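Please examine the sequence and the structure shown below before reading on. The report that accompanies them is arranged by topic.

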Amino acid sequence: MEIKKVGILGVTGTMGRGIAQICAQAGYQVTASSRSEDRLSKALASIDSTLARGVERGRLSQEDKDAAMSKIKGTTNISDFNDSDLVVEVAAEDLEIKKQTFAELDKICPAGAILATNTSVLSVTEIAAATGRPDKIVGLHFFNPPPAMKLVEIIRTKTASEDTIETSRKFAESVDKTPVIVSDTSGFIVNRLAVPFMLNAMHMLDSGVASPEDIDTAVTLGLNHPMGPLALADLIGNDIILSMADGIHKILKEDRYIAPPLLKKMVADGQLGRKSGKGFYDYSK
């Protein structure tokens, strides 16, 4: 199967905007959706601004920027995915919402279209069961921010066809990503490893073992990581970390995924990390 037209369901967030951008830059015709006209306009303006910064920094030409933007069509109507070869859903991490969304996409999209979810923890198998095409359902888990992060986890369910997996692999490579294939298990590879690592750093901080700076310095210099676990949590968003931890723990029932009280309190207080201006570090200065 050849993919020419890509739909992005949920373009208003960082992930949706980033996936739409890299698909357009790779030459795909992109239909990007939001339920709100205002949020859709802001999302498209944000993509345009991101590409403009790339031009200013000499990373791409004005012609390439204009060509990419010309390939993105915004919509508030999910029915506009009716000619998409691939739809990537980037909606809220709520299983029931995703199942309803995929059931609707199943009715709208061409019979041969692949429907992909960008979920980081939820069961792709359960999402697939809400459709009449479980062989065409796959997880395509991009990382934040998609233009910069090179990895895509391809989540293979037991019902996904080899053609679906192979087409997904070729698509990931076409947008300049390195794909890895993983079975449908909560957290997949990266988050199943990274979440308890970050939670353990939070437990250490809460226990007075060391300061945030010293914990992160020990990891960057001692383990040769590019970023410490607390700085990484701030970058991803502490609310996202909490959601992932709760989601993985709900399925695996392993104590290492229990979120510490410190993280819950920070999220309740709005200390979400970089996006809120404060997390384990202060970004307001």
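## Basis of the report

The structure is a predicted model.

## Salt bridges within single helices

Side chains of opposite charge can pair when their charged atoms come close. Across the whole structure, a search finds 15 salt bridges.

One of them links lysine 42 to aspartate 38, with 3.3 Å between the closest N and O atoms. Both residues belong to helix α2 (residues 37-56), where they stand four residues apart, about one turn of the helix. Lysine 42 is exposed, having a relative accessible area of 54%, while aspartate 38 is partly exposed at 47%.

Another salt bridge joins glutamate 173 and arginine 169, at an N to O distance of 2.8 Å. These two residues are four residues apart in helix α6 (residues 162-174), so about one helical turn separates them. Glutamate 173 is partly exposed, with a relative accessible area of 41%, and arginine 169 is partly exposed at 26%. Salt bridges with shared partners also form one network from Glu89, Glu93 and Lys98.

## A salt bridge between separate parts

Aspartate 106 and arginine 133 form a salt bridge through their side chains, with an N to O distance of 2.6 Å. Aspartate 106 is in helix α4 (residues 95-108), whereas arginine 133 is in the loop between α5 (124-128) and β6 (137-142); the pair therefore ties together parts that are 27 residues apart in sequence.

The relative accessible area of aspartate 106 is 21%, which makes this residue partly exposed. Arginine 133, with a relative accessible area of 6%, is buried.

## A buried aspartate without a salt bridge

Where does aspartate 85 lie? Aspartate 85 is found in the loop that runs between β3 (72-75) and β4 (86-89). Although aspartate 85 is buried, it has no salt bridge. Lysine 5 has the nearest side chain of opposite charge, and this side chain is 7.0 Å away.

Leaving aside residues up to four places away in sequence, aspartate 85 touches Met1, Glu2, Ile3, Lys4, Lys5, Ala113 and Ile114.

Cysteine 23 is buried, with a relative accessibility of 0%. Cysteine 109 is likewise buried, at 6%.

## The packing of two helices

Two packed helices are described by the angle between their axes and the distance between the axes. For helix α8 (residues 212-222) and helix α9 (residues 229-236), the axes come within 7 Å and cross at roughly 105°. Helix α8 is therefore roughly perpendicular to α9.

Which residues of α8 and α9 meet? From α8 come Pro212, Ile215, Asp216 and Val219, and from α9 come Pro229, Leu230 and Ala231.

Note on methods
Residues numbered from 1 in each chain as written. Predicted model: local features only at pLDDT ≥ 70, side-chain atom pairs only at ≥ 80, totals over all residues. Heavy atoms only, no water. Buried < 20%, exposed > 50% of the residue type's maximum accessible area, 1.4 Å probe, protein only. Lys, Arg positive; Asp, Glu negative; His and termini not counted. Salt bridge = Lys/Arg side-chain N within 4 Å of Asp/Glu carboxyl O. Contact = heavy atoms within 4.5 Å. Axes fitted to C-alpha atoms, helices over the stretch in contact; angles between N-to-C directions. Parallel < 35°, antiparallel > 145°, perpendicular 65-115°, else oblique.
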